[in-house]
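Please look over the chain and its fold before reading on.

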Amino acid sequence: MTGMRVLLTGGAGFIGSQVVEALLARGHEPVVLDALLPSAHPEPPPPRPGEQRIIADVRDRTAVDGALRGVHAVCHQAAMVGLGKDFADAPDYVSCNDLGTAVLLAAMAAAGVRQLVLAGSMVVYGEGRYTCARHGVVRPGPRAVAELEAGRFEPRCPRCGAELRPGLVGEDAPTDPRNVYAATKLTQEHLAASWARATGGRAVALRYHNVYGPGMPRDTPYAGVASFFRSALARGQAPTVYEDGGQRRDFVHVRDVAAANAVALEALPDRAAGTLTAYNTGSGVPHTVGEMAQTLAAACGGPAPVVTGEYRLGDVRHITASSQRIADDLGWRAATGFAEGMTEFAREGMRAGPGGAATPTAPATPAAPAAPEG
Ligand SMILES: NC(=O)c1ccc[n+]([C@@H]2O[C@H](COP(=O)([O-])OP(=O)(O)OC[C@H]3O[C@@H](n4cnc5c(N)ncnc54)[C@H](O)[C@@H]3O)[C@@H](O)[C@H]2O)c1
Ligand SMILES: [Zn+2]
């Protein structure tokens with residue numbers, strides 16, 4: 001395949017900067033458009049060697065029109081991520097993520113750019129898939145405060161109250177976004193599907209799981225749980241784990257996610273016009289948050305994790321999905337194993353250095369949310 005010129009929004013971010021590397025390594029020409037949001041970048045990262053960077057907002061139609069010149073495909077990573085501080089953040093999330101996507105898609109429609117890879121998220125599912133021994137697949141609602149207060153973290157069958165067995169969500173599962181961020185990620189997919197239908201475009205949404213790895217933001221309200229644990233360990237403190245540590249997630253390495261983007265971009269020309277297909281993009285192997293804390297602590301030689309029993313409303317208990325469809329259709333599979341990836345991540349955090357690595361002298365931060373999800 002000859003090199004494609006790809007407009008990569010959010011290309012200065014945690015995942016976007018790895019997508020830059022993956023595209024360059026495969027002979028493509030990434031053009032980054034990023035507003036360098038202060039919430040994502042306490043210090044804006046310098047462009048990578050070979051990276052063309054436009055500092056602009058995706059909501060700025062004129063800038064986007066200019067950035068689309070000569071472009072074959074768009075890889076849309078730009079978004080405000082995390083759970084935000086409170087509901088007052090809702091207009092900012094909707095503006096960045098949904099208005100931003102609409103402006104980008106309208107500009108693509110006008111410029112005749114018909115290929116899109118969208119950074120989706122597993123948050124569109126809400127809770128994972130559960131089976132009741134008596135009632136089969138059921139959909140538990142949000143967990144009640146009284147249950148969480150009592151330390152009963154497992155969702156129960158809405159029909160008989162029995163404990164449920166967690167399973168893997170497939171892409172056809174009903175969506176159930178449970179917070180503003182999740183709603184904006186689902187809306188992005190709906191907008192992209194509408195764009196594809198209206199223009200004959202080809203689109204893929206990659207619903208990433210919990211992405212971790214080098215350059216992961218640390219100690220911002222938007223950082224992931226792996227990053228909080230690592231920062232605590234770098235200060236010589238035990239990672240504090242919410243609930244009972246039994247929450248199941250699929251931790252996928254950022255280099256694997258970047259490769260999935262490159263593979264999806266290369267596959268776009270052969271896909272059916274007028275459609276968007278969503279793919280779960282995970283390692284395929286669930287682990288608990290407690291296991292992750294233990295693995296990081298062991299790799300750092302740090303204190304064992306402390307399980308606090310605290311909880312956050314809006315956190316889901318288990319969310320893991322099957323990544324079989326992307327393997328079957330696009331031939332992508334995660335290559336980095338959990339122990340290998342987490343150990344590398346932990347050791348990076350113990351070294352002072354660039355790329356957001358924590359330093360042992362980093363100051364203690366105020367009570368960090370324990371399980372924010374991308
Ligand atoms: N990190 C995860 O675990 C995870 C999981 C699922 C989905 N995602 C999705 O992956 C994508 C990248 O996330 P990330 O973790 O790299 O976050 P990040 O904050 O590191 O990167 C996002 C980048 O987008 C830029 N940006 C935000 N709004 C913009 C705007 N309006 N105009 C231009 N640039 C803008 C930011 O400056 C930042 O560089 C997002 O779409 C996110 O929803 C991430
Ligand atoms: Zn039941």
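**A walk through the model**

Helix H6 (residues 225-234) and helix H10 (residues 338-350) pack with their axes 9 Å apart and at an angle of about 45°; helices (H or I, at least four residues) and strands (E, at least two) are DSSP runs, numbered from the N terminus, and axes are lines fitted to C-alpha atoms, for helices over the stretch in contact, with angles running from 0 to 180 degrees between N-to-C directions. H6 and H10 are therefore oblique to each other, given that angles under 35 degrees count as roughly parallel, over 145 as roughly antiparallel, 65 to 115 as roughly perpendicular and the rest as oblique. Their crossing is right-handed, a crossing being right-handed if the near helix is turned clockwise from the far one by less than a right angle, and left-handed if anticlockwise. On the H6 side Ala226, Ser227, Arg230, Leu233 and Ala234 take part, and they meet Phe345, Ala346, Glu348, Gly349 and Met350 of H10, where contact means heavy atoms within 4.5 Å.

This is a predicted model, in which local features need pLDDT of at least 70 and side-chain atom pairs count only at pLDDT 80 or more, while totals for chains, interfaces and linings use all residues. Residues are numbered from 1 along each chain as its sequence is written, chains are lettered from A and ligands numbered from 1 in the order in which they are written, and side-chain values use heavy atoms, with hydrogens and water left out.

How enclosed is H6 by the rest of the structure? Ten of the ten residues of H6 are buried, so this helix is largely enclosed; buried means under 20% relative accessible area, exposed over 50% and partly exposed in between (1.4 Å probe, protein chains only). The buried residues include Phe228, Phe229 and Arg230, and the buried residues of H6 pack against S10, strand S11 (240-241), strand S13 (251-253), helix H8 (289-300) and H10. Just after H6, glycine 236 takes a positive phi of about 80°. In the loop that runs between strand S10 (210-212) and H6 sits methionine 216, which counts as buried because its relative accessibility is 3%. Methionine 216 and leucine 206 are ten residues apart in sequence, and their C-alpha atoms are 19 Å apart in space.

The contact involves, among others, Phe14, Ile15 and Gln18 of H1 and Val254, Arg255 and Val257 of H7. Serine 17 also belongs to helix H1; with a relative accessible area of 9%, serine 17 is buried, and, not counting residues up to four places away in sequence, it touches Gly11, Ala12 and Arg48.

Which residues coordinate the zinc ion (ligand 2)? Cys132 (SG), His135 (ND1), Cys157 (SG) and Cys160 (SG) do so, at 2.1 to 2.3 Å, donors being N, O and S atoms within 2.8 Å of the metal (3.2 Å for Na, K and Ca), with water not among the atoms, so that sites may look incomplete. Along the chain these donors follow the spacing C-x2-H-x21-C-x2-C. Cysteine 132, in strand S6 (residues 129-132), and cysteine 157, in the loop between helix H4 (145-149) and strand S8 (165-167), are 25 residues apart, and this pair links distant parts of the chain. Both cysteine 132 and cysteine 157 are buried.

Glycine 128 lies in the loop between strand S5 (115-121) and S6 and is buried, with a relative accessible area of 13%. Not counting residues up to four places away in sequence, glycine 128 touches Val169, His318 and Ile319.

Two further residues concern the backbone. Most residues other than glycine have a negative phi. Leucine 36, however, has a positive phi near 50°; leucine 36 lies in the loop between strand S2 (29-34) and strand S3 (52-55) and is buried, at a relative accessible area of 15%. Glutamate 243 likewise has a positive phi, of about 50°, although it is not a glycine, and glutamate 243 lies in the loop between S11 and strand S12 (248-249).
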